Amino acid sequence: MPLFDLPLDELREYRSASTAPEDFDAFWSGTLAEAREHDLDARFEPVDTGLSTVRVLDVTFAGFGGHPVKGWLTLPAGAEAPLPLVVQFIGYGGGRGLPHEHLLWASTGRAHFVMDTRGQGSAWGGGGDTADPVGGAPAYPGFMTRGIDAPENYYYRRVFTDAVRAVEAARSHPLTDAARTAVLGSSQGGGITLAVGGLVPDLAAVAPDVPFLCDFPRAATLTDRHPYREIGLHLRTHRGRTGDALRTLSYFDGVHFAARGSTPALFSTGLEDQTCPPSTVFAAFNAWTHDDKAIEVYDFNDHEGGGPFQEAAQLRWMRSYI
């Protein structure tokens with residue numbers, strides 16, 4: 001697929017037309033306060049994986065609504081002192097999978113926590129183990145329009161809350177160093193990373209890779225690929241509700257979380273990416289408020305972005321922070 005979005009020089013200056021709701025911060029502070037009324041109840045159970053270089057713990061903690069959320073905590077074998085911590089979020093449709101799918105960051109001598117995504121984990125990888133017990137209004141198949149009738153009902157309110165609680169759960173383990181915590185993820189995981197970067201003020205670094213869930217007004221009209229296309233297909237049936245849907249989505253737009261980012265950040269984008277168009281990624285990158293930020297641009301790549309090359313870039317970059 002040839003280039004279809006703005007030229008690179010315009011991307012570097014692009015700003016989203018999306019505006020944050022006036023009660024954006026109050027909405028999220030209230031949501032997190034409500035979640036913290038439930039005991040975090042983080043439990044870490046050893047798992048026999050057959051792996052000799054790492055130790056794996058099966059984690060359960062209380063996320064949004066006190067609902068149980070799963071994760072894996074992977075530690076280098078023999079770790080005895082608190083380690084720098086990397087918390088990772090998963091792409092659309094995937095789940096936490098199996099422990100041996102997540103060995104990169106523990107292999108660097110860091111603790112690694114991967115969060116299961118509620119209601120997902122049935123499209124690729126090793127699957128997921130976390131249900132979403134909350135219903136919602138009629139939605140197009142997928143996750144993008146579940147609860148889109150109102151911000152308090154929207155699916156990603158639960159997911160982003162789970163993600164903040166995941167950081168808290170991972171930090172509660174005695175072998176993780178809360179002061180040296182980074183968060184990262186690709187695609188949907190990158191969008192969740194942006195949300196956590198805007199909601200957790202004391203992170204050491206964030207690395208959203210080809211992030212999803214950014215600049216909804218542009219994304220929903222620029223690309224016909226899923227998952228963004230779910231929004232248009234929903235509104236094709238629910239005529240006249242575009243304004244209401246965009247209002248809901250504005251509470252979950254990575255651009256507005258980026259405007260509250262207070263830590264160093266490494267982004268990435270592919271200029272042929274029609275799943276998460278580069279202008280939507282640059283919208284979040286350009287809104288990121290911390291001065292220490294960089295973006296890797298992959299000229300001829302679609303949504304795979306840099307793939308292992310981006311992982312290598314993250315490995316080099318992360319050394320300066322944790």
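Reader: Hi! What should I know about the model before we start?

Author: It is a predicted model, where local features need pLDDT of at least 70 and side-chain atom pairs count only at pLDDT 80 or more, while totals for chains, interfaces and linings use all residues. Residues are numbered from 1 along each chain as its sequence is written, and side-chain values use heavy atoms, with hydrogens and water left out.

Reader: Great. How many residues does helix 2 have, and how far does it reach?

Author: Helix 2 covers residues 24-35, which is twelve residues, and it reaches 17 Å from its first C-alpha to its last. That is close to the 16 Å expected at 1.5 Å a residue. The expected span is 1.5 Å times one less than the number of residues. Helices (H or I, at least four residues) and strands (E, at least two) are DSSP runs, numbered from the N terminus.

Reader: Which residues of helix 2 are buried?

Author: Phe24, Phe27, Trp28, Thr31, Leu32 and Ala35. Because they cover an arc of only 120° around the axis, they sit on the same side of helix 2. Buried means under 20% relative accessible area, exposed means over 50%, and partly exposed is in between (1.4 Å probe, protein chains only). The arc is that of the directions from the helix axis to the C-beta atoms.

Reader: Why would residues a few places apart point the same way?

Author: An α-helix has 3.6 residues a turn, so residues three or four places apart point the same way.

Reader: Nice. What do those buried residues of helix 2 pack against?

Author: They pack against helix 3 (155-171), helix 4 (188-199), helix 7 (242-250) and helix 8 (254-258). Contact here means heavy atoms within 4.5 Å.

Reader: At what angle do helix 2 and helix 3 pack?

Author: The angle is about 65°, with the axes of helix 2 and helix 3 10 Å apart. Axes are lines fitted to C-alpha atoms, for helices over the stretch in contact, and angles run from 0 to 180 degrees between N-to-C directions. In helix 2, the residues that meet helix 3 include Phe27, Trp28 and Glu34. Their partners in helix 3 include Tyr156, Phe160 and Val164.

Reader: New topic! How many salt bridges are there?

Author: The count comes to 15 salt bridges. A salt bridge is a side-chain nitrogen of Lys or Arg within 4 Å of a carboxyl oxygen of Asp or Glu.

Reader: Which residues are linked in a network of salt bridges?

Author: Asp58, Lys70, Arg96 and Asp129 are linked that way. Asp58 pairs with Lys70, with the closest N and O atoms 3.0 Å apart. Asp58 is in strand 2 (residues 54-62) and Lys70 is in strand 3 (residues 68-76), twelve residues apart.

Reader: And what about Arg96 and Asp58?

Author: Arg96 forms a salt bridge with Asp58, and their closest N and O atoms are 2.9 Å apart. Arg96 lies in the loop between strand 4 (83-89) and strand 5 (111-115) and Asp58 in strand 2, so this pair ties together parts 38 residues apart in sequence.

Reader: How far apart are the closest N and O atoms of Arg96 and Asp129?

Author: They are 3.0 Å apart, in another salt bridge. Asp129 lies in the loop between strand 5 and helix 3, so that pair ties together parts that are 33 residues apart in sequence.

Reader: Is Arg96 buried or exposed?

Author: Buried, with a relative accessible area of 4%. Lys70 counts as buried too, at 17% relative accessibility.

Reader: What is the phi of Asp41?

Author: Asp41 has a positive phi of about 50°, although it is not a glycine. Asp41 lies in the loop between helix 2 and strand 1 (43-47), and at 39% relative accessibility it counts as partly exposed.

Reader: And Leu213?

Author: Phi of Leu213 is near 65°, also a positive value in a residue other than glycine. Leu213 is in the loop between strand 7 (205-209) and helix 5, and it is buried, with a relative accessible area of 2%.
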